[in-house]
Amino acid sequence: MAIVLGYWDIRGLGHAIRLLLEYTESNYEEKKYIEGDAPNYDKGHWLNEKFKLGLDFPNLPYLIDGPHKITQSNAIMRYIARKHNMCGETEAEKIRVDILENQIMDTRMDLVRVCYSPDFITFVDFLAYDVLDLIRIFEPKCLDAFPNLKDFMAHFEGLKKISAYMKSSHFRPTPIYMKMALWGNK
């Protein structure tokens with residue numbers, strides 16, 4: 001019987017799970033839930049099934065593997081990883097894997113805050129802007145296919161204090177790197 005992965009019809013938290021299922025050559029099928037359009041973003045497609053699946057903590061994503069019904073993306077990842085001996089072998093390796101898992105999720109949540117709360121500024125916004133700006137300098141059209149990222153960049157550059165700094169004599173757009181660099185050294 002195939003494993004069932006239930007999630008919204010987006011990349012989101014399901015992406016890493018799908019990658020792991022593919023890597024482990026697991027036999028699975030997806031149950032994709034569709035979110036309605038603005039302004040209500042109707043979630044009825046999921047809500048109509050949410051409490052009928054026998055999940056202890058009904059949530060998306062979920063994974064059903066025979067008698068095992070799992071929610072929470074990291075619990076799902078860990079379940080698949082345990083089945084395929086991918087959680088580390090020694091205690092030291094297992095501890096390192098646990099630490100990395102949580103560090104990565106902290107980073108993911110910071111990015112989520114940026115994407116869903118544009119008025120809530122964290123230091124991650126500054127890091128994200130810097131990296132995206134470097135990529136944009138390297139390839140000016142790279143963000144053209146990503147209107148959300150272009151909007152993020154414009155919003156960030158439009159922040160009163162950032163805009164003032166970028167117009168000041170203190171702003172250093174170049175050189176990006178040291179003289180020995182092959183690019184961005186001028």
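**Close-up 1. Helices α1 and α3 run side by side in this predicted model.** Start with two helices: α1 covers residues 14-23 and α3 covers residues 73-83, and their axes come within 10 Å and cross at roughly 10 degrees. Angles under 35 degrees count as roughly parallel, so α1 is roughly parallel to α3. If you wonder what those two numbers are for, two packed helices are described by the angle between their axes and the distance between the axes.

**Close-up 2. Here are the residues where α1 meets α3.** On the α1 side, look for A16, I17, L20 and L21. Across from them in α3 you'll find S73, I76, M77, I80 and A81. What kinds of residues make up this contact, nonpolar, polar or charged? Eight are nonpolar, one is polar, and no charged residue takes part.

**Close-up 3. Now stay with α3 and look at its buried residues.** These are S73, I76, Y79, I80 and A81. Four of these names, S73, I76, I80 and A81, also turn up in the contact with α1. Just after α3 comes N85, and N85 takes a positive phi of about 50 degrees.

**Close-up 4. T71 sits in strand β4.** The strand spans residues 68-71. Is T71 buried or exposed? Buried means under 20% relative accessible area, and T71 has 11%, so T71 counts as buried. Zoom in on the side chain of T71: one of its polar atoms lies 2.9 Å from the backbone oxygen of F57. Leaving out residues up to four places away in sequence, T71 touches L55, F57, P58, N59, P61, Y62 and I76.

**Close-up 5. Two cysteines, C87 and C142, get a look here.** C87 has 16% relative accessibility and counts as buried, while C142, at 21%, counts as partly exposed. A quick reminder: a disulfide is a covalent bond between the sulfur atoms of two cysteines.

**Close-up 6. L159 lies in a loop between two helices.** The helices on either side are α6 (147-158) and α7 (160-167). With a relative accessible area of 23%, L159 is partly exposed. Where is L159 relative to C87 from the previous view? The two are 72 residues apart in sequence, and in space they are 43 Å apart, C-alpha to C-alpha.

How values were computed:
Residues numbered from 1 in each chain as written. Predicted model: local features only at pLDDT ≥ 70, side-chain atom pairs only at ≥ 80, totals over all residues. Heavy atoms only, no water. Axes fitted to C-alpha atoms, helices over the stretch in contact; angles between N-to-C directions. Helix = DSSP H or I, 4+ residues; strand = E, 2+ residues; numbered from the N terminus. Parallel < 35°, antiparallel > 145°, perpendicular 65-115°, else oblique. Contact = heavy atoms within 4.5 Å. Nonpolar A, V, L, I, M, F, W, Y, C, P; charged D, E, K, R; others polar. Buried < 20%, exposed > 50% of the residue type's maximum accessible area, 1.4 Å probe, protein only. Polar contact = N/O pair within 3.5 Å; in protein donor to acceptor, adjacent residues only side chain to side chain.
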